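Notebook open, structure on screen. I want to go through it piece by piece and jot down what I look up.

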Amino acid sequence: MNYRSFGRTGWQVSEIGFGAWAIGAEWGHVSEEDALLALHAAIDQGVNFIDTADVYGDGRSEQIIARTLKQRSERIYVATKAGRRLDPHTADGYNQENITAFVERSLRNLQVETIDLLQLHCPPPQVYYMPEVFGILDDLIQAGKIQYYGVSVEKVEEAIKAIQYPNVQSIQTIFNMFRIRPSELFFQLAQQEKVAIMARVPLASGLLSGKMSQSTTFPKDDHRNYNRQGDAFDVGETFSGVDFECGLKAVEELRQLIPDEMSMAQFALRWILMFDAVTLAIPGAKNAKQAFENAQVSDLPSLSDKTMEQINSIYNKYIRHQVHQRW
Ligand SMILES: NC(=O)c1ccc[n+]([C@@H]2O[C@H](COP(=O)([O-])OP(=O)(O)OC[C@H]3O[C@@H](n4cnc5c(N)ncnc54)[C@H](OP(=O)(O)O)[C@@H]3O)[C@@H](O)[C@H]2O)c1
């Protein structure tokens, strides 16, 4: 496993992290046993960074992480998120009372005294223009409740706005073979400011693993069933906002480019690690096999310039017109 500097924090984090949404909920049933085994498999391979949120299974994901880490001695960084417990999810809910209550709840779920990294969880656009919200986070650092904070964003423009707040240490953004725009201007700006970048939805919700077809179905409680049109949350979070059928066509062309020693999921993750500005990718995993396969990517060879160009061409042919300017 290779490690990269996490912005200005001094942390060295594994370039493949662990995305802990699926072990919480909204991806069909994942047993607690599978969840624990997945986390242990990742840590055994050198993964030292876990991304979760207070709303993943209403705290289940945070609690499973706490149980796992009780059994480990390694220093594992855990990033959680706050904001999405607000109902309705409005900017004025991002006040001191609510944010403090969310943080206290995550501290209890994670069984720690200080949260390593707290991220605003894709807040409404107006929040980016409310410096008082970032002031509340500064106060939580002073109070020892959180060590650092960052923002999980939907759009490139939000990321650019967020890093203007001097204590924002990290941006979490969708970045994958089907979501390329962050690498244009934003990566350069983040590097200048030494802001860490977490690439989420790196497998386009599993579409980029190459295992899906037109006949693939998903359980009722899986967002790939109920959020395809964005009925529950931002449509960009499901298959990266790409139309499923069209995504399958692009996947078939991408499949032709996979180097011998890699699975398609590994190929998709290796592509992300080709970008120096990226600190880590945080693939979700539902079992030990997936977690192991994903963590192995750090040790796989780089992709050639020619392959990178061919991937770009496939993006331009199938994907660009659907998503490029949208997020
Ligand atoms: N708003 C936000 O802040 C936000 C939103 C989304 C995600 N996130 C974070 O980003 C993380 C990653 O994104 P994501 O979980 O949405 O999507 P993802 O990483 O693109 O896809 C994860 C899914 O792909 C499948 N998979 C994983 N590894 C595989 C492998 N090696 N081979 C085949 N299939 C594999 C699994 O589902 P199946 O086996 O069922 O296909 C898994 O649940 C999340 O866990 C969460 O921590 C944050």
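**Helix H8**

I started with helix H8, residues 244-255: it has 12 residues and reaches 16 Å from its first C-alpha to its last, close to the 16 Å expected at 1.5 Å a residue. For the record, helices (H or I, at least four residues) and strands (E, at least two) are DSSP runs numbered from the N terminus, and the expected span is 1.5 Å times one less than the number of residues in the helix.

A note on the source: this is a predicted model, where local features need pLDDT of at least 70 and side-chain atom pairs count only at pLDDT 80 or more, while totals for chains, interfaces and linings use all residues. Residues are numbered from 1 along each chain as its sequence is written, and side-chain values use heavy atoms, with hydrogens and water left out.

Which residues of H8 are buried? I get Phe244, Cys246, Gly247, Leu248, Ala250, Val251 and Leu254. My cut-offs are under 20% relative accessible area for buried, over 50% for exposed and partly exposed in between (1.4 Å probe, protein chains only). These buried residues pack against helix H9 (264-273) and helix H11 (305-323).

**Phe267**

Next I looked at Phe267, which lies in helix H9. Phe267 is buried, at a relative accessible area of 0%. Contact here means heavy atoms within 4.5 Å.

I then traced the open sheet, where 8 strands run in the order E3-E4-E5-E6-E7-E8-E9-E10 with parallel pairing. Strand E3 (18-19) and strand E10 (280-281) stand at the edges with a single partner strand each, so one side of each has no neighbour in the sheet. Two strands pair if DSSP finds at least two bridges between them.

Of the 7 residues of E7, 6 are buried, so E7 is largely enclosed by the rest of the structure.

Is strand E5 covered or open? I find E5 mostly covered, with 6 of its 6 residues buried. In a regular strand the side chains alternate between the two faces of the sheet. In E5, Tyr77, Ala79 and Lys81 are buried on one side, and Val78, Thr80 and Ala82 are buried on the other. E5 pairs with strand E4 (residues 49-51) in the parallel sense over 3 bridges, and Phe49 stands opposite Tyr77 in E5.

**The ligand**

Which of the 31 residues around the ligand come nearest? They are Asp51, Ser152, Lys211, Arg224 and Lys286. A residue counts as near if one of its heavy atoms lies within 4 Å of the molecule or strand in question.

- An N or O atom in the side chain of Asp51 is 2.6 Å from an oxygen atom of the ligand.
- Ser152 has a polar side-chain atom 2.7 Å from a ligand oxygen atom.
- Trp21 has a polar backbone atom 3.1 Å from an oxygen atom of the ligand.

On its own the ligand has 890 Å² of accessible area, and the protein covers 94% of that. These areas come from the Shrake-Rupley method with a 1.4 Å probe; for residues, only the protein chains shown count as cover.

**Ser61**

I looked up Ser61 in helix H2 (residues 60-70). Ser61 counts as buried, at 0% relative accessibility. A polar atom of the Ser61 side chain lies 2.7 Å from the backbone oxygen of Ala20. Leaving out residues up to four places away in sequence, Ser61 touches Ala20, Ile23, Gly24, Thr52 and Tyr56.

Last, I checked the loops. The peptide bond from Asp87 to Pro88 is cis, with omega near 5°, and Pro88 lies in the loop between E5 (77-82) and helix H3 (96-110).

Two residues other than glycine have a positive phi on my list. Lys194 has phi near 55° and sits in the loop between helix H6 (186-192) and strand E9 (196-200). Val201 has phi near 50° and lies in the loop between E9 and helix H7 (223-226). Buried or exposed? Lys194 is exposed, with a relative accessible area of 55%, whereas Val201 counts as buried at 14%.

Key
Polar contact = N/O pair within 3.5 Å; in protein donor to acceptor, adjacent residues only side chain to side chain.
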